[in-house]
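Morning, everyone. Let's look at the aromatic rings in this one. Here it is.

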Amino acid sequence: MPDLLTVKNLKIEATSYPPGEPPKTVTLVDGVSFSVEKGKVLGVIGESGAGKSTIGLSALAYGRGGASIVGGEVLLNGKDILTLGRGGIRSVRGCKVCYVAQSAAAAFNPAHKLGEQVIEASLRHKIMSRPEAEKRALYLFRVLGLPNPDTFGDRYPHQVSGGQLQRAMTAMALCPNPELIVFDEPTTALDVTTQIDVLAAIKHAIEETHTAALYITHDLAVVAQISDDIMVLRYGKTVEYGTTQQVIEAPAQDYTRALVSVRQTKRDEAADQSDKLLNIENVSAAYGNGFKVLHDVSMHLPKGQTLAIVGESGSGKSTLARVITGLLPPSEGRITFDGKQLPPALKGRSKDELRQVQMIYQMADTAMNPRQTVRDIIGRPITFYYGVHGAKKTERVKELLDQIELGDRFLDRYPAELSGGQKQRVAIARALAAKPELILCDEPTSALDPLVAEGILNLLLKLQEETAVSYVFITHDIAIVRAIADSVAVMHRGRLVRFGAKSKVLSPPFDDYTDLLLKSVPEMEIGWLEKVLATRRMESAGN
Amino acid sequence: MAALGPENGPAPTTETPAAGTLQPQAAAVAGSGVVATMNTGVVGGTFWRRFSLRRPLAALIVQRLGLSVGLLFAVSLMIFGGVEALPGDFATTYLGQSATPQAVENIRKDLGLDRPVTERYFSWLGGALQGDFGTSWASRNSVSEQIGKRLGNSLFLAFFAAIISIPLAIGLGMLAVQFRNRLPDKIINVVSLAAISLPEFFVGYILIVLFAVKFGVATFPSTVYDSMGFLERLSAIALPVATLVLVVLAHMMRMTRAAILNVMSSAYVETAELKGLGAFRIIARHAAPNAVAPVINVVALNLAYLVVGVVVVEVVFVYPGMGQYMVDAVTVRDMPVVQACGLIFAAFYIFLNMAADILAILANPRLRHPR
């Protein structure tokens with residue numbers, strides 16, 4: 001019996017038309033072959049730009065942007081779908097092969113009810129009648145654990161949460177009873193505690209309906225839970241392709257080994273944490289419309305150490321950073337720095353108080369002026385805080401570039417000419433240029449690929465050793481906390497849940513929320529998901 | 001209107017000062033419930049806040065209505081003030097060579113021009129609210145009566161131009177999207193661009209030369225009389241309607257095309273494509289509902305143009321509409337007529353834009369179905 005989907009020697013190119021230049025053709029995917037059996041899941045893993053999504057979409061004979069499939073075969077049930085005409089391809093899409101996008105929030109049409117969108121493909125392809133489709137949608141809403149499944153379909157996309165939308169998108173893909181579903185990073189945009197629910201729902205639904213799937217992600221720990229086989233991609237080529245067990249437990253290639261071991265950086269916490277360089281005392285904060293986002297938060301950070309603030313989106317962790325910088329003055333409480341109280345608002349702070357606290361952002365792209373060169377970007381704080389110009393300034397910029405391991409040749413580049421990791425390094429150099437005592441890092445690695453993120457974390461640790469700078473490190477990733485923190489603050493819905501030395505916070509006894517948070521982080525271990533779900537079931541049965 | 005909206009926000013504290021300058025007039029003609037809500041001050045504030053939290057959609061619409069009424073009063077003030085400030089004088093123009101100081105004085109007294117400005121403004125405004133725009137200085141007839149007939153004619157013309165051009169423009173826009181960057185799209189684009197680039201009097205004359213003179217299939221001039229039957233009227237306005245359609249078509253068509261194309265690059269259209277839906281269903285069901293707001297706006301703008309801006313077309317086709325009436329009144333300084341036309345034009349503009357705003361609010365599912 002032939003495999004459900006067989007892809008042979010796939011080659012995909014994209015043509016871009018830069019203004020004023022001849023068109024450029026880039027090869028996105030080159031010589032990739034794989035196959036998926038009925039009812040099995042193939043995990044496709046790689047960094048951004050590895051061609052994962054492009055390969056996934058090729059199963060629907062679709063090229064996003066200017067991408068087009070120029071070579072190879074995509075055999076579905078032994079028939080090459082690339083040779084089908086427009087009508088033939090349409091009868092494959094949404095009928096035999098369905099797609100689940102990364103951002104369900106953008107992928108649902110805001111103008112129509114969820115239920116209508118879920119059953120649309122089934123009706124248009126005449127797979128089932130309207131009552132049948134509605135019945136199936138209801139069944140899928142139940143299987144996927146959506147709240148109030150009976151009325152869920154009557155809601156509009158903006159009326160439900162991100163995790164629910166992602167599950168609704170899975171229901172939409174499953175509804176026409178497809179033979180294959182392409183999941184394109186379906187849980188990447190979600191919080192860990194939500195991710196585990198969606199992951200479990202997807203896994204359950206796949207088992208329940210015997211559908212085959214391509215599961216695309218950059219997170220090896222996630223793919224280990226859900227797939228039977230794994231294909232590792234880099235620069236549009238296959239690096240390694242084997243069973244999940246073989247790839248996770250005995251990777252054959254260096255690159256795969258690096259991916260598997262990426263979360264193994266660990267640093268011991270400092271023994272003495274009594275010093276209070278930064279002291280946050282009973283801080284509450286609210287936005288202009290009276291919406292209170294921080295409730296009575298207190299914590300402190302010793303000199304030369306790292307305080308990690310963990311929490312999901314909406315937990316108030318970024319708001320706390322804004323309060324520390326003075327961008328949002330607190331409504332109650334006070335912040336002292338080096339024994340002196342910081343003026344609450346940015347305007348009230350002296351130049352030196354501003355210099356002491358610098359910031360690194362999640363999106364290095366948007367935090368830099370695209371029309372300034374690296375020299376200007378890093379040089380600006382040098383001139384601003386120290387009044388240094390000309391050759392001396394250049395000297396200092398070069399020194400900083402050495403510190404961030406980039407070197408002189410980057411001096412006159414623009415941000416657009418840097419990779420994501422290089423941009424973040426420049427952002428770090430800009431923060432360092434002021435010689436601050438404290439750097440606030442707001443998720444500086446969450447937009448980066450794992451190996452690049454690892455590099456940034458190691459750089460931050462090295463710089464801390466060299467300059468004794470302190471970090472407040474905001475993140476939602478427990479693995480990072482384990483790797484770099486001395487002390488940890490867990491936040492939930494604007495309140496401080498837990499604060500103390502890393503070893504204390506991350507070991508039992510736990511409060512409910514920290515327990516949930518820690519247990520939701522996928523581990524690079526086959527069968528982890530089942531184990532967690534089993535303990536959950538036992539706990540709820542025990543209650 | 002749209003630009004005014006955000007600044008005046010739903011918060012009552014900002015709304016009251018914004019409407020502040022207009023309040024005396026608003027109070028003087030109190031009657032509309034909307035004006036009353038705007039004037040209730042502090043007590044109304046909490047009521048308004050509760051109302052806007054509970055019924056955000058209704059609150060937004062009430063706010064738009066209130067703003068429109070306020071704007072209309074501001075415009076009435078500007079029209080009156082502007083006409084007041086115009087150089088020249090009806091009496092001197094009317095009397096011509098025989099304008100002795102005494103005769104001029106007599107006429108001014110006759111027309112009530114010796115009364116103070118504020119008194120004249122309020123009596124004019126009070127009359128206008130009841131539909132009485134006073135008496136024409138030139139013809140001594142009731143302005144309302146004359147305008148009624150002319151306005152009817154203008155609306156008749158605008159109505160037929162609208163029911164032809166709007167569906168045609170939106171249909172062509174969708175067609176252009178479906179064949180984007182291919183031959184049909186390019187043809188639609190070039191033709192509509194040509195039509196919008198030619199001045200309307202030129203388009204009008206070309207149509208007259210072709211259809212009335214050369215082929216003799218259309219009527220010219222397009223003057224309509226009371227005694228004419230409906231079909232006769234229709235054939236009379238065929239050419240001006242065709243001219244207007246050509247002039248407004250391109251703008252609406254291009255806006256529809258741009259709005260839909262903008263939506264076509266969104267993720268949910270990709271989803272629709274990956275569901276294997278047909279091209280037309282994607283455009284009509286998934287793209288169009290999300291492109292409604294900008295299209296409604298441009299349609300409203302063009303409707304307003306059809307009523308207000310057709311002076312040239314009316315003159316070319318000798319059509320007895322509002323535009324021609326106003327131009328004639330300006331040349332003889334017949335102020336009551338000029339003021340009445342100005343106010344009616346402004347009312348149309350404001351009403352149509354308000355309708356577009358409200359429709360755009362209603363078209364937004366986030367506002368229609370709050371969480």
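Start in chain A, where A:K351 lies over the face of A:F384, 4.5 Å from the ring centre. A charge sits over a ring if NZ of Lys or CZ of Arg is within 6 Å of the ring centre and within 35 degrees of the ring normal. Another case is A:K435, over the face of A:Y386 at 5.4 Å from the ring centre.

Some ground rules. This is a predicted model: local features need pLDDT of at least 70, side-chain atom pairs count only at pLDDT 80 or more, and totals for chains, interfaces and linings use all residues. Residues are numbered from 1 along each chain as its sequence is written, chains are lettered from A and ligands numbered from 1 in the order written, and side-chain values use heavy atoms, leaving out hydrogens and water.

Now ring pairs. Rings of Phe, Tyr and Trp (its six-membered ring) pair if their centres lie within 6.5 Å; planes under 30 degrees apart are stacked, over 60 edge-to-face, the rest tilted. That gives 13 aromatic pairs over all chains. Among them is B:Y121 with B:W124: tilted, 6.2 Å centre to centre, 50 degrees between the planes. They are three residues apart in helix 9 (residues 117-129) of chain B, so about one helical turn separates them. Helices here are DSSP runs (H or I, at least four residues), numbered from the N terminus.

Buried or exposed, B:Y121? Buried, at 5% relative accessible area. Buried means under 20%, exposed over 50%, partly exposed in between (1.4 Å probe, protein chains only). B:W124 is buried too, at 9%.

One more: B:F80, B:Y121, B:F122 and B:W124 form one aromatic cluster.

How values were computed. Helix = DSSP H or I, 4+ residues; strand = E, 2+ residues; numbered from the N terminus.
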